[in-house]
Amino acid sequence: MKTRFKVAQIELTNHCNMKCPFCPQPTLMTRKKLFMDLDLYYKIIDQVVEDNLADCVSLTGLGEPTLYKKLISAVEYATDKGLSVKVSTNGLLLNVETLLNLYRARLDNLFFSLQIMDEEAYRERLDGKNKQTFKEYLDNLKVIISTHIRNNPQTKLRISIMGNWYLPHKNILGLRYFNLSTDLLRDFIEPIFSLIESESSLKKKSLKLSLDDIKIPRFYENDREYWILDNLSLVLKEANGWANSMDASDDYVLIPAKKGFCVAQKNMFEIFADGTVCLCCLDYDAKTTLGKLTLGGNERLVDILFEGRGKQIKDSFDKGNIILPFCQRCLGKRRHKKKLVHYGNMIRFYPFKVMDVMLKNRSSLMTRIRYSVINKFFKV
């Protein structure tokens, strides 16, 4: 049976051991920092399964999941219920023991979020408690990769690198490599790629591609994923401004959107560490709250999502109306102060938003149309 959403995102904690300047957690988030009660987590998973809400659980949010002491138990409980589980980590606390335990818990996808490319940027992001050097951080990543290749688990390891490939107006705070070129990217990942090649040859595995095959995403792509092995990939992601909240540019003004459609609200929902249910994974401060689950309460997640406020918001989106200020900001257009319309917005965003309204939840068809049309007329 088809689930109502693709992903249920559950924030085990909003504590983090890094303070990345392009993330709203250190500066913009005002929510109280805490860890989710494990029994509340069990209740959430039970309801997700009972009401067929999603077949995938993403254990991420505004915090670092490896800080959660019961992470392995959380993963195992969800996989025992037949759910696919993914975890995203900055890797500071990820070691071989934790990695092997995640394998045993049958984790499906482990995202190693590698957003740091030099010693200076690394030191900027440390929270003051971690004394690990940048070299030690990268050496640990290499150990993780070696362990992964040698164990050949079902778990997929996906190394994620973020950049701001083509849009200069999205000058995300603290993202030094926002104009990251293909050559600079290759220089950075070459040692990692060489390690993968070396370890794979020991296991008599053939790589699916070479270093020369890896290029930054085209201007119409949000991300691009390269599968190096069957269970190991490199993900190049476009930097996001957290619903236009982290943009540092003074040359552009935001025009909030009153009309439009959001595919994300059809595909996922978020539950924060305190049980607050929100519409969107970009909502760092519970601005799109639909309701709240409590440990001893009788609330039903399905009712929170599809009745009351949840129903009102979704019905509005179905009619092409955006009623939440947070969503209006997120879906808004950026315009250069000295120009009528910025060409990047016009070419990249406006046609896609029209398609979003017309096709609504037909996201796979929409994706095929937008890529084929843009690829035909704009060669990058």
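Helix H1 crosses helix H2 in a right-handed sense; the near helix is turned clockwise from the far one by less than a right angle. The model is predicted: local features need pLDDT of at least 70, side-chain atom pairs count only at pLDDT 80 or more, and totals for chains, interfaces and linings use all residues. Residues are numbered from 1 along each chain as its sequence is written, and side-chain values use heavy atoms, without hydrogens and water.

H1 spans residues 38-50 and H2 residues 71-80. Helices are DSSP runs of H or I with at least four residues, strands are E runs of at least two, and both are numbered from the N terminus. The two helices pack at an angle of about 20°, their axes 10 Å apart. H1 is therefore roughly parallel to H2 (angles under 35 degrees). H1 contributes Tyr41, Tyr42, Ile45 and Asp46 to the contact (heavy atoms within 4.5 Å). H2 contributes Ser73, Ala74, Val75, Tyr77 and Ala78. Seven of these residues are nonpolar, one is polar and one is charged.

Phe326 lies in helix H10, residues 325-330. Phe326 is buried, at a relative accessible area of 11% (buried means under 20%, with a 1.4 Å probe and protein chains only). Beyond four places in sequence, Phe326 touches Ala243, Leu282, Asp283, Tyr284, Lys287 and Thr288. Its C-alpha atom is separated by 9.7 Å from that of Ala286, 40 residues apart along the chain.

Overall, the protein has 13 helices and 12 strands. Of its 380 residues, 53% count as buried. Among contacts between residues at least 6 apart in sequence, 70% join residues at least 24 apart.

Terms used. Axes are lines fitted to C-alpha atoms, for helices over the stretch in contact, and angles run from 0 to 180 degrees between N-to-C directions. Angles under 35 degrees count as roughly parallel, over 145 as roughly antiparallel, 65 to 115 as roughly perpendicular and the rest as oblique. Ala, Val, Leu, Ile, Met, Phe, Trp, Tyr, Cys and Pro count as nonpolar, Asp, Glu, Lys and Arg as charged, and the others, Gly among them, as polar. Buried means under 20% relative accessible area, exposed over 50%, partly exposed in between (1.4 Å probe, protein chains only).
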